Amino acid sequence: MDLGLKDKAVLVMASSGGLGKAAALEFAREGANVMLFSRSETELKGTQTEIKAATGKEPAYTVGDITKSADIVQVVKNTVSKFGPVYALVNNSGGPPPGVFDDFSDEAWQKAYELNLLSYIRTTREVLPHMRQLGKGRIVNYTSSSVKQVLDNLILSNTFRTAVVGLTKTLSQELGKDNILVNVMGPGRISTARIQQLDQDRANKENISVEEIYEKTVKSIPLGRYGTPDEYARLTVFLCSEANSYITGQTILVDGGLTKAF
């Protein structure tokens, strides 16, 4: 299938590792011009080198903090300057700390808001003029399976990831006339550093090994294993491609059937 991504400008946020890195790699495989973004230049350079070695397509990168408005403005400017108007945006961010309601102060709530919701709003605001200039665009917002079924000990994530769904659904209504498609993707147990840390935290709390946590968890996953970042990334690329011409406003989980809620 021709996804129509060759030489299109794609911005992937939080892309020096994990799901963002996997998405950037898959976009490069399809010939897209990818802009990477994260706080660590060392990690960005490493990711840039890996993607070029794997695909022959060298992404660019911008160093910045996703919670800083000026850095978001700059990465979009850099993308447009390097590759032309942004065609696709992948909004991605690290997860907030685990915990229950009584664990968090106003400061913690504010930080989680800026990380997991306001950053998406700001990045979307910056790319929209360029998508409108193109007469089309694609936005995928990464969240969590918690948008369908809340996860224990993750109240900050449960709250702000769900808000992204409301944002996405509303944008899909407002931007349809501009041929800009906006969707949500939520990972279940995908093998990333974030999931490894959550498993370790749970193991520490329950005083058992990480291996035991894994074995307990996979019993509740119909496919019987954790997913891989590349499995997640391939759907991202499809939703951001020309091949997707009629899916917008949807929330799609990549979780091996783990989430039982509709």
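**Group meeting: a parallel sheet and the helices around it**

Strands β2 and β3 run parallel and are joined by four bridges. In that pairing Ser38 has Val63 of β3 as its bridge partner, and Met35 stands opposite Ala60 in β3. Two strands are called paired here if DSSP finds at least two bridges between them. Strands (E, at least two residues) and helices (H or I, at least four) are DSSP runs, numbered from the N terminus.

Before going on, the basis. This is a predicted model, in which local features need pLDDT of at least 70 and side-chain atom pairs count only at pLDDT 80 or more, while totals for chains, interfaces and linings use all residues. Residues are numbered from 1 along each chain as its sequence is written, and side-chain values use heavy atoms, with hydrogens and water left out.

Now the whole sheet. Seven strands form an open sheet with parallel pairing, and the order is β3-β2-β1-β4-β5-β6-β7. Which strands stand at the edges? They are β3 (60–63) and β7 (251–254); each has a single partner strand, so one side of each is left without a neighbour in the sheet. From one strand to the next the twist averages 20°. Angles here run from 0 to 180 degrees between N-to-C directions, and axes are lines fitted to C-alpha atoms, for helices over the stretch in contact.

Next, β1, residues 9–12. Four bridges join β1 to β2 (residues 33–38), and the two run parallel. Another four bridges join β1 to β4 (residues 86–91), again in parallel. Val10 shows both pairings: its bridge partner in β2 is Val34, and in β4 Val10 stands opposite Ala88. Leu11 has Met35 as its bridge partner in β2.

What about burial? In a regular strand the side chains alternate between the two faces of the sheet. In β1, Ala9 and Leu11 on one side and Val10 and Val12 on the other are all buried, which leaves both faces covered. Buried means under 20% relative accessible area, exposed means over 50%, and partly exposed is in between, computed with a 1.4 Å probe on protein chains only.

β2 is covered on both faces too: Asn33, Met35 and Phe37 on one side, and Val34, Leu36 and Ser38 on the other, are all buried. Six of the six residues of β2 are buried, so β2 is largely enclosed by the rest of the structure.

On to the connections. β1, helix α1 (residues 18–29) and β2 make a right-handed β-α-β unit. Right-handed means that, with the strands pointing away from the viewer, the path from the first strand over the helix to the second runs clockwise.

Which strands does α1 lie across? They are β1, β2, β4, β5 (137–142) and β6 (180–187), and α1 runs at about 165° to β1. Helix α8 (residues 229–239) lies across β4, β5, β6 and β7, at about 170° to β6.

Then a helix pair. Helix α6 (residues 193–206) and helix α7 (residues 210–218) pack at about 105°, with axes 8 Å apart. That makes α6 roughly perpendicular to α7, a term for angles of 65 to 115 degrees; under 35 counts as roughly parallel, over 145 as roughly antiparallel, and the rest as oblique. From α6 the contact takes Asp199, Gln200, Arg202, Ala203 and Glu206, and from α7 Val210, Ile213, Lys216 and Thr217. Contact means heavy atoms within 4.5 Å. These residues divide into three nonpolar, two polar and four charged. For that division, Ala, Val, Leu, Ile, Met, Phe, Trp, Tyr, Cys and Pro count as nonpolar, Asp, Glu, Lys and Arg as charged, and the others, Gly among them, as polar.

Val218 also lies in α7. Is Val218 buried or exposed? Val218 is buried, at a relative accessible area of 10%. Leaving aside neighbours within four places in sequence, Val218 is in contact with Gly224, Arg225 and Tyr226.

Asp7 is not a glycine, yet has a positive phi of about 65°. Asp7 sits in the segment before β1 and is partly exposed, at 43% relative accessible area. Asn153, also not a glycine, has a positive phi of about 65°. Asn153 is in the loop between β5 and α5 (155–175), and at 31% relative accessibility Asn153 counts as partly exposed.
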